[in-house]
Amino acid sequence: MSRVIISAESLTKTYRLGVINHDTLRGEIRSWWARKRGLPDPTLKIGNSPSPRSRPTFNALEDITFDVKPGETVGFIGKNGAGKSTLLKILSRVAAPNKGRVRIRGRVSSLLEVGTGFHPELTGRENVYLNGAILGMTKDEIRRKFDEIVAFAEIAEFIDTPVKRYSSGMYIRLAFAVAAHLEPEILIVDEVLAVGDYEFQRKCLGKMKDVRTEGRTVLFVSHNMTAVNNLCVRSILLEKGKIVADGLSADVTRTYLGMSSTRTQSHWQFADPSDGRKRAYIREAFILDADNGSREAYELTQDLQIGLRYRLPEPIRGLTVGLQILSEENNETLISLTDSELDQSRLETREAGDYVAHIRVPARILNTGTYSLRVGLSRGRQEVFHVVEGLNFRIIDSVGIVMFIGFERKGSLLSLQLPWKVEKEPRLTAYPDAEAV
Amino acid sequence: MQSVNTKEADNDWTTVIDSIESRYLPDVRGVWRYRDLVALLVRRDSVASYKQTLLGPLWFVIQPLMTTIVFTIVFGRIASLPTDGLSPFLFYFGGVLCWQYFAANVNRTSDTLSANASIYSKVYFPRLVTPVSTVISNLIVFGIQFAVFVVVVCVFMFRGAPVRPSIFVILLPVLLLQVSACGIGVGLTISTLTTRYRDLNFMLGYALQLWMYTTPIVYPLSQVPEKWLWLIYLNPMTAAVQTFRYLLLGSGAPSISMIVYSAVVSTLVLGLGLALFTRVERTFMDTI
């Protein structure tokens, strides 16, 4: 049967840039009073346009049209800000489009809802029912699956304990168990949001495979091209809010990689979040050579410094800074670190303010080539404050230790130089066993 | 023929997500579909609010009782305000009960959008589910308080106090419906406005207090000076509180015109609140 299960027609989502509104009633009244008398608005900053209608707008999505058939697994790829998340928000009905419409057959569930509505004072049992109902299950449905959910979460003996006494692992297991038993017709998986938590990421991917083999529809958002290629037959590439490619994953991912690998940089700045509600955010990321200089490309034979500057608007407990270095070719994670791994005291409260965190990557670890950086701020496993990814940098070898040996590039991801110890054996018959045969 | 076909095809979609501009009516059917969630939220609110307290649900009763005792001492004993021939304690208790139910509805629906922003940003369910469940849990609290009130009234009657509940007391549910409507209407309106103007949060406490003093709770309507009467009559809660006392205690019968006016205003306020909420629930995630 070829009836479509999702039909999106010319979706457009527009955000207004700049100040969205006056934050206080007083400001609004003052500007209203001034307009009334034909005077310039006293609350406007110089250079801002006077009418709210003519403020610059930004199309997060522009005229997006696509159909999805039942049982299809579609990958959505694109750089940060390409509109992937906005599209998912519209499909899961969290944000409304400004133009166009989506029609859907069946229930949509996204794994980003894990633990939504959990109340710390309520017991595990009560939370399973509450969370299930928030996700759209009826009481009967939850009752039928309750035992299965508890078994999956492996917390049977604590099911009548308030969840505030749970460890974070138990908490996330229970939350995930509920989401996993929702059995939606359409499952949305946003890999970006599961950063830093491999256990969870693996579970998500596992769940996705299950859902797929049951013949249901999956929408998968990821930066991991290998995963997209493996899991999805079809992919849609978004750029600046538009669909630029829609077809076989192999073709679309190639297009995407061709797009992004051309640019490498060594310093990135990020705009502060405008809503002011973020608990922690990254302001800058940078790569420096051993002498604190920034370059177009970095030497294989020199140490490399990777760092980020972040801001905490308020004191925070349990913050971790995570960093991953991914190979550009197949997006596999090569190195993954958090700043609290070796020093647990970092999980103590950090005061509000600006911080800079950096690491030194010893020379001759990363082989020549292009790498991609992913940095993030999170707390525990549930709360991800800010993730920045797709920061590309290049390692070259102009001194030529690789060239010297006579190869263009060693056929390995790492360029580790481990010392060889070579000794002459005392006797010729080194393998007495071999003689016995 | 063509149009009929498209219409049929439309019908078997389970979800249609329209653009922001194309929705005006509150999603009442959605709330019904999610009635299990309503029930669970009500349960969560009432269970979670007294966990780890010593007195538990007793607090629901202590609150209006304390207010009534304070009013009895300050306004009854010290200021010696007349109470329409009723025992001051009953007079204040009746007014406080009715008012606190209204104020609780306003207060707790007024932060619907801001308090639930983190849930709303992750998962969809008809947003109206939250204020509806709030009102139901308020109604349960009111029910407990009302039971205590009835007991108190019976004790007073047994001891010969001049209390004559009206036969129209069977219409009490209608009155409660009206008070709820007015409360949700005001609450939802404030809720949509606070997504833009945070200052309203601070003003709300004072506004409610002022509102209470323009409602005949600590004084009887009969004692209001002629020149202020218009202000008191303008207040839709005047008739509600007055009716509540009349139905249960038999004093200060309100006029029909007052009741009609109050009902009409409450309906309009509810309509305004729902209209604003329906509009803003879909856009506020972009602005908050």
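Me: How many residues does the contact take from chain B, and how many from chain A?

Reply: Two residues are in contact if their C-beta atoms, placed from the backbone, lie within 7 Å. Here the contact takes 32 residues from chain B and 39 residues from chain A. This is a predicted model, where local features need pLDDT of at least 70, side-chain atom pairs count only at pLDDT 80 or more, and totals for chains, interfaces and linings use all residues. As for labels, residues are numbered from 1 along each chain as its sequence is written, while chains are lettered from A and ligands numbered from 1 in the order in which they are written.

Me: Which elements of chain B give two or more residues to the side that touches chain A?

Reply: Elements are DSSP runs numbered from the N terminus: helices (H or I, at least four residues) and strands (E, at least two). On the side of chain B that touches chain A, those elements are strand E1 (15-17), helix H3 (35-50), H10 and helix H14 (284-287) of chain B. H3(B) gives the largest share, six residues.

Me: What about the classes of residue on that side of chain B?

Reply: Ala, Val, Leu, Ile, Met, Phe, Trp, Tyr, Cys and Pro count as nonpolar, Asp, Glu, Lys and Arg as charged, and the others, Gly among them, as polar. The side of chain B that touches chain A has 16 nonpolar, six polar and 10 charged residues.

Me: Now the sheet. In what order do its four strands come?

Reply: Two strands pair if DSSP finds at least two bridges between them. This open sheet runs E2(A)-E1(A)-E4(A)-E1(B), with antiparallel pairing. Strand E2 (57-68) of chain A and E1 of chain B stand at the edges, each with a single partner strand, so one side of each has no neighbour in the sheet.

Me: How many bridges join each pair?

Reply: Going along the sheet, eight bridges join E1(A) to E2(A), and Thr14(A) has Asn59(A) in E2(A) as its bridge partner. E1(A) and E4(A) pair over five bridges, with Glu9(A) opposite Arg101(A) in E4(A). Then three bridges join strand E4 (residues 99-104) of chain A to E1(B), where Val102(A) stands opposite Ile17(B).

Me: How do I describe two packed helices?

Reply: You use the angle between their axes and the distance between the axes. Axes are lines fitted to C-alpha atoms, for helices over the stretch in contact, and angles run from 0 to 180 degrees between N-to-C directions. In chain B, helix H9 (residues 172-194) and helix H10 (residues 199-213) pack at about 150°, with their axes 8 Å apart. That makes H9(B) roughly antiparallel to H10(B) (angles under 35 degrees count as roughly parallel, over 145 as roughly antiparallel, 65 to 115 as roughly perpendicular and the rest as oblique).

Me: Which residues make that contact?

Reply: H9(B) brings Ile190(B), Leu193(B) and Thr194(B), and H10(B) brings Leu200(B), Asn201(B) and Leu204(B). By class, the residues of this contact are four nonpolar, two polar and no charged.
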